[in-house]
Amino acid sequence: MDRSQWYIGAPNGVVLCVDDAGEYWMKGRSYHAYSKEAERFTNMNQFLLGLEDFFDSISFPHPSVNERTFQDKEPAVILRKEKVRVMSDEELLSKHGYLGTFVIRVQHRQHSSWQGRITWLDKNKTLYFRSVWEMVKMIASALAEVKDDEGESEESWTEE
């Protein structure tokens, strides 16, 4: 099997390990190079908000739009420490979920969304996404394909 897409390749690369999923939910773990500990999640919302916090903590990719609020409050002064890698790409790629494993590489945070690519390691397929919603749909489609006994699921993991 050609594993040309089996790499992290960016400081913000994340390995998503899905352990269980239903029609409208999924749970599992995510890993990045700056912590040995898994970030556990019990729903997609928790996972996505955790990723957004992670990107903010490493300031990469830099968002094109700042967070807005209608509350009167003092702007927070955020001092960011330089993050130190504690896991190699090989260690990250050794993590696997029971239902599926994905490498997510967000390249841009523009138009209040994310753009990048996602590699489904179990099938060695990589697709580009133009929004968070499109990425979520790709993950859901892959998990549905795994759970489909007859293999007649909608094939959305094809190169365009």
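Reply: What follows is a short walk through this chain, by question and reply. The model is predicted, so local features need pLDDT of at least 70, side-chain atom pairs count only at pLDDT 80 or more, and totals for chains, interfaces and linings use all residues. Residues are numbered from 1 along each chain as its sequence is written, and side-chain values use heavy atoms, with hydrogens and water left out.

Me: How many helices and strands are in the chain?

Reply: Helices (H or I, at least four residues) and strands (E, at least two) are DSSP runs, numbered from the N terminus. Here there are 3 helices and 6 strands. Along the sequence they run β-β-β-α-α-β-β-β-α.

Me: What share of the contacts comes from residues 24 or more positions apart?

Reply: Contact means heavy atoms within 4.5 Å. Among contacts with a separation of 6 or more, 54% join residues 24 or more positions apart.

Me: How do I read a ring pair?

Reply: A pair of aromatic rings is described by the distance of the centres and the angle of the planes. Rings of Phe, Tyr and Trp (its six-membered ring) pair if their centres lie within 6.5 Å; planes under 30 degrees apart count as stacked, over 60 as edge-to-face and the rest as tilted. By this rule the chain has 5 aromatic pairs. In one of them, the rings of Y34 and F54 have centres 6.1 Å apart and planes at 45°, so the pair is tilted. Y34 sits in the loop between β2 (26-31) and β3 (39-41) and F54 in helix α1 (residues 44-58), so the pair ties together parts 20 residues apart in sequence.

Me: Is F54 buried or exposed?

Reply: Buried means under 20% relative accessible area, exposed over 50%, partly exposed in between (1.4 Å probe, protein chains only). F54 is buried at 7%. Y34 is buried too, at 17%. Next, take F102 and W120: their ring centres are 6.1 Å apart and their planes at 20°, so this pair is stacked. F102 belongs to strand β4 (residues 100-108) and W120 to strand β5 (residues 115-120), so the pair ties together parts 18 residues apart in sequence. F102 is buried at 0%, and W120 at 1%.

Me: Which residues do ring pairs link into a cluster?

Reply: Y34, F54, F55 and W114.

Me: How do I read a core?

Reply: In soluble globular proteins, nonpolar side chains tend to be buried together. A nonpolar core is a set of buried Ala, Val, Leu, Ile, Met, Phe, Trp, Tyr and Cys residues joined through side-chain atoms within 4.5 Å. The largest has 30 residues, and L16, M26, F102, I104, W114 and I139 have the most contacts inside it. β1, α1, β4, β5, β6 (125-129) and α3 each supply at least two residues of this core. Another core lies apart from it, with 11 residues, including I8, C17, Y31 and L93.

Me: Where does I8 lie?

Reply: I8 is in the segment before β1 (14-21). I8 is buried at 1%. I8 and L92 are 84 residues apart in sequence and 8.1 Å apart in space, C-alpha to C-alpha. Leaving out residues up to four places away in sequence, I8 touches G13, V15, D89, L92, L93, V103 and R105.
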